[in-house]
Amino acid sequence: MRLNYKLWLEEEERLFGDGPCQILELVDQLGSLRQAAAEINMSYSQAWKLIKKLEKRLGFKLLDKKVGGSSGGGSELTVKGRFLTENFSEFRKEAIKCLSELEEKYFDQEFKQKLKK
């Protein structure tokens with residue numbers, strides 16, 4: 001038996017969570033939405049639609065695109081995109097730590113043994 005959970009921000013509906021955060025972190029690392037999408041087996045068009053939908057719902061740009069050329073194009077996080085991504089990522093790390101501690105407190109070995117009796 002194990003605790004399971006998902007975390008996301010919402011405003012009337014789900015707004016931002018692990019999936020969008022992951023793709024933005026990958027864009028930040030790789031400098032490209034196309035490469036980030038490929039990394040998680042998502043088509044570029046699907047990733048682009050996701051980013052556009054998020055930007056519309058959030059009310060601000062997440063990515064700045066660099067047009068291709070001899071050096072190639074790419075994408076980078078906007079200041080607000082980086083702020084959102086970094087804060088959500090840090091919150092998620094801390095929440096996971098707290099939830100793990102609570103799981104151990106309430107569903108430890110003694111709890112599991114009592115269920116088996």
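**Surface, helix and loops**

Modeller: Leu3, Tyr5 and Ile96 make up a nonpolar surface patch, with about 220 Å² of accessible area together. Patch members have over 30% relative accessible area and no salt bridge (a Lys or Arg side-chain nitrogen within 4 Å of an Asp or Glu carboxyl oxygen). Nonpolar side chains are joined within 5 Å. Areas are Shrake-Rupley, with a 1.4 Å probe.

Colleague: What are the ground rules here?

Modeller: This is a predicted model: local features need pLDDT of at least 70, side-chain atom pairs need 80 or more, and totals for chains, interfaces and linings use all residues. Numbering runs from 1 along each chain as its sequence is written, and side-chain values use heavy atoms, without hydrogens and water.

Colleague: Where is Tyr5 placed?

Modeller: Tyr5 is in the segment before strand E1 (8–10). Helices (H or I, at least four residues) and strands (E, at least two) are DSSP runs, numbered from the N terminus. Tyr5 has 31% relative accessibility, so it counts as partly exposed. Buried is under 20%, exposed is over 50%, and partly exposed is in between.

Colleague: On to H3. Which of its residues are buried?

Modeller: Ala47, Ile51, Leu54, Glu55 and Leu58. Down the axis of H3, they fall within an arc of 100 degrees (taken from the directions from axis to C-beta atoms), so they line one face.

Colleague: What do they pack against?

Modeller: Strands E2 (14–17) and E3 (63–66), plus helices H1 (18–30), H2 (33–39) and H4 (79–106). Contact means heavy atoms within 4.5 Å.

Colleague: And which exposed residues sit on the face turned away?

Modeller: Lys49 and Lys56.

Colleague: What span should H3 have?

Modeller: 21 Å for its 15 residues, 44–58. The expected span is 1.5 Å times one less than the number of residues. The end C-alpha atoms of H3 are 21 Å apart, which agrees.

Colleague: What follows H3?

Modeller: Gly59, with a positive phi near 85 degrees.

Colleague: Which residue other than glycine has a positive phi near 55 degrees?

Modeller: Asn41. It lies in the loop between H2 and H3. Asn41 is exposed, at 76% relative accessible area. Glu12 also has a positive phi, of about 75 degrees, and is not a glycine. Glu12 is in the loop between E1 and E2, and is exposed at 86%. Most residues other than glycine have a negative phi.

Colleague: Switching to Thr85 in H4. Buried or exposed?

Modeller: Thr85 is buried, at 4% relative accessibility. Leaving aside neighbours within four places in sequence, Thr85 contacts Phe16, Cys21, Leu24, Glu25 and Leu77.

Notes:
Buried < 20%, exposed > 50% of the residue type's maximum accessible area, 1.4 Å probe, protein only. Patch = residues over 30% accessible without salt bridge, like charges linked within 9 Å, V, L, I, M, F, W, Y side chains within 5 Å.
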